[in-house]
Amino acid sequence: MHYLIEPVACSPGAGWEKGQVENQVNNTRERVFVPRLHADSLDDLNQHLQACCLAEANRLRQPDDPSQTVYEVFQRERAVLIPYAGPFDGYPATVASVSKTCLVRFDLNQYSVQASAAGKAVEVQAYADHLVMRLEGKIVARHRRNFGRDEVIYDPWHYLPVLQRKPGALRNGAPFRDWDLPDSLRQVRNHFEGLDDGDRQMVKVLNAVLTDSLTVVTSACETAMSAGTISADIILNLVSRDQEPETAEPIKTPAALKLKQPPQADCQRYDALRQEVPHATA
């Protein structure tokens, strides 16, 4: 009902009640999907199918008015159609347990979730092209859906709280191998790799992303590199400067409180106070 279309059910196993629909589906399948299609992603496949549908609509003649194509009649009808209400948020949901390593098994693969969900049960919402994991209604992970098997899909940002306790995992931990960081963060990481406390400094910089934003932190890294002074303290200082609130505008004085007689700046008036004033006699 989301699309304001009322479905009409047919009898189970009664193919003659929907034969015309099935024939159209079969004909379209032969025209569009034969030979078998190959695509790099669902987006590419959908774009190809949309182009095929438009080509078919421009080729086929409208049965009641053969002088026009299906597409031409549709364009005329579009003006009186109900506006599109947006995609229906439909998905099958399952409950899955999160392992101690912050992984959820779903459909033959494992996906990471935020460290705060470790050891708990999350709801996995499975869409056609992506997965959403929720803990008590809050999103704790979002991944593109993987259709392979026995693969582990990590999001390194999920493990930042773990790095605070074990900075050395940044070099050897599985989630952080081949981490596709922004260019400035990658260069800072390369710089820290040659320092004794480089892992700890890099973890400080990465954790700033949780409290501020990736854009602010990468900008601070670029500023530090351009100045030739790269350290966690300097980068965090630049981040804090960027987050300083703007100076508030001065309060406008109401007209009733405006000064009508400005005081005279005459310092000699103070000398008069030092003069001895004669006391009145009885």
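What I am showing is a predicted model, in which local features need pLDDT of at least 70 and side-chain atom pairs count only at pLDDT 80 or more, while totals for chains, interfaces and linings use all residues. Residues are numbered from 1 along each chain as its sequence is written, and side-chain values use heavy atoms, leaving out hydrogens and water.

Let me begin with the whole chain. The protein chain has ten helices and nine strands, where helices (H or I, at least four residues) and strands (E, at least two) are DSSP runs numbered from the N terminus. Its radius of gyration, taken over C-alpha atoms, is 34 Å, whereas a compact globule of 282 residues would have one near 19 Å, by the rule of 2.2 Å times the number of residues to the power 0.38. The C-alpha atoms fill a box of roughly 130 × 60 × 40 Å along the principal axes.

How much of the chain is buried? Buried residues, meaning those under 20% relative accessible area with a 1.4 Å probe and protein chains only, make up 27% of the 282 residues.

Now to the core, by which I mean a set of buried Ala, Val, Leu, Ile, Met, Phe, Trp, Tyr and Cys residues joined through side-chain atoms within 4.5 Å. The largest one has 44 residues, of which Val113, Val122 and Met133 touch the most other members. Helix α7, residues 198-211, gives the most to this core, with six residues. Beyond its neighbours within four places in sequence, Met133 is in contact (heavy atoms within 4.5 Å) with residues including Tyr111, Val113, Val122 and His143.

Conventions:
Buried < 20%, exposed > 50% of the residue type's maximum accessible area, 1.4 Å probe, protein only.
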